[in-house]
Amino acid sequence: MSAKLRFPDRTALSLVSITGRRNVLSPSLISASSSFAMPSVATPRAARNFNGSPLTLIRNISHTTTMSTMPATHGHNEACCNIPPIEASGYTAKGRYEQLGGMKTYVTGPAQATRGVISVFDIFGYTDQTLQGADILGNKHKVFMSDWFHGNPCPTEWFPPDTEEKQKLVGEFFGKNMPNCVADMLPDYAKALKAAHPTIQSWAIIGFCWGGKVVELVTSGASNPFSIAAVAHPAMVDSAMADKISVPYILLASQEEPMDTIKEFESKLKVPHHVEVFRDQIHGWMAARANLEDPRVRDEYARGYQTVLRFFDQEWK
């Protein structure tokens, strides 16, 4: 039988503080860490959650933050529309930028890799946190993070959207940058990457927030070029798409994704999968909203990437 995820009550949970600078993590330490272990259970591959055991995940915290009151828009949840990114600095990226498929692309990872990962960032584009995450994944795989906003990500000064003008600008940004447009372009973009990197024989995709919706759309479509997929704090989760997804799928949610939708989505997946809720983390903790100055956020940021890599190790065939 499939191991089902248990969703505990939200009692005593609050938002993580998102002020202050963040520390820099060592990608090599993260990939080698043994701070958590996932048991190996010999159950049928097509019908199991990848770690094979029920998960009960709740951690109480006392830090709080103040959110503005912009309502959810264009299918995003309220947290996505209100929590500002962290203005972080101090991380030295390990990769380089190349022009691939007509787009600026951050590339990191082994030169002769046989597996590649396309990473779709959140609305804030290239930030220290997302680049560091790509480098973590790049310890094992070649990672490509393309600039789908063509140099015009959502400006950080629009967050929090605490004025009518800012709310208007954020809403217009979402309207101009619909995930389905990127999902439609990804099959051809993947072909361009394959031509440029012929040693890579198999491809994965990972998406964050807005990018998570891109992943859901492309992996549930008929032209999906990917062998495995991951999403972190995904936006606009649609449980009706779950049974159309054709490859192993890992979904890491924060406390702020709609729990009923996440549960329903998990119940409809027909592929090997892992769904986990990081119940004391805010929407965006693995991308631009990660406050890595906070030790708890830093630990869960690292554990999130560890969990993705572990799933890839076990399910990427």
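Helices (H or I, at least four residues) and strands (E, at least two) are DSSP runs, numbered from the N terminus. This is a predicted model, in which local features need pLDDT of at least 70, side-chain atom pairs count only at pLDDT 80 or more, and totals for chains, interfaces and linings use all residues. Residues are numbered from 1 along each chain as its sequence is written, and side-chain values use heavy atoms, with hydrogens and water left out.

**Stop 1: confidence.** Colour by pLDDT, the predictor's confidence in each residue, from 0 to 100. The protein has a mean of 80, and 72% of its residues reach 70 or more. Select residues 1–23: pLDDT is below 50 there, and the stretch has 95 contacts (heavy atoms within 4.5 Å) beyond near neighbours in sequence. Then select residues 26–68, where pLDDT stays under 50 and the model has 113 contacts beyond four places in sequence. Where pLDDT is low, the predicted coordinates should not be read in detail.

**Stop 2: strand E9.** Select residues 249–254. Six of the six residues of E9 are buried (under 20% relative accessible area, with a 1.4 Å probe and protein chains only), so the strand is largely enclosed by the rest of the structure. In a regular strand the side chains alternate between the two faces of the sheet. Tyr 249, Leu 251 and Ala 253 lie on one side of E9, with Ile 250, Leu 252 and Ser 254 on the other.

**Stop 3: the strands paired with E9.**

**Stop 4: helix H6.** Select residues 210–219, of which nine of ten are buried. The buried residues include Trp 210, Lys 213 and Glu 216. The elements they pack against include helix H5, strand E9 and helix H7.

**Stop 5: aromatic rings.** Show Phe, Tyr and Trp; rings (for Trp, the six-membered ring) pair if their centres lie within 6.5 Å, and planes under 30 degrees apart count as stacked, over 60 as edge-to-face and the rest as tilted. The structure holds 15 such pairs. Phe 173 and Phe 174 have ring centres 6.3 Å apart and planes at 65°, so this pair is edge-to-face. Phe 173 is buried at 7% relative accessibility, and Phe 174 is buried at 1%. Both belong to a cluster linked by ring pairs, with Trp 210 and Tyr 97 among its other members.

Terms used:
Buried < 20%, exposed > 50% of the residue type's maximum accessible area, 1.4 Å probe, protein only.
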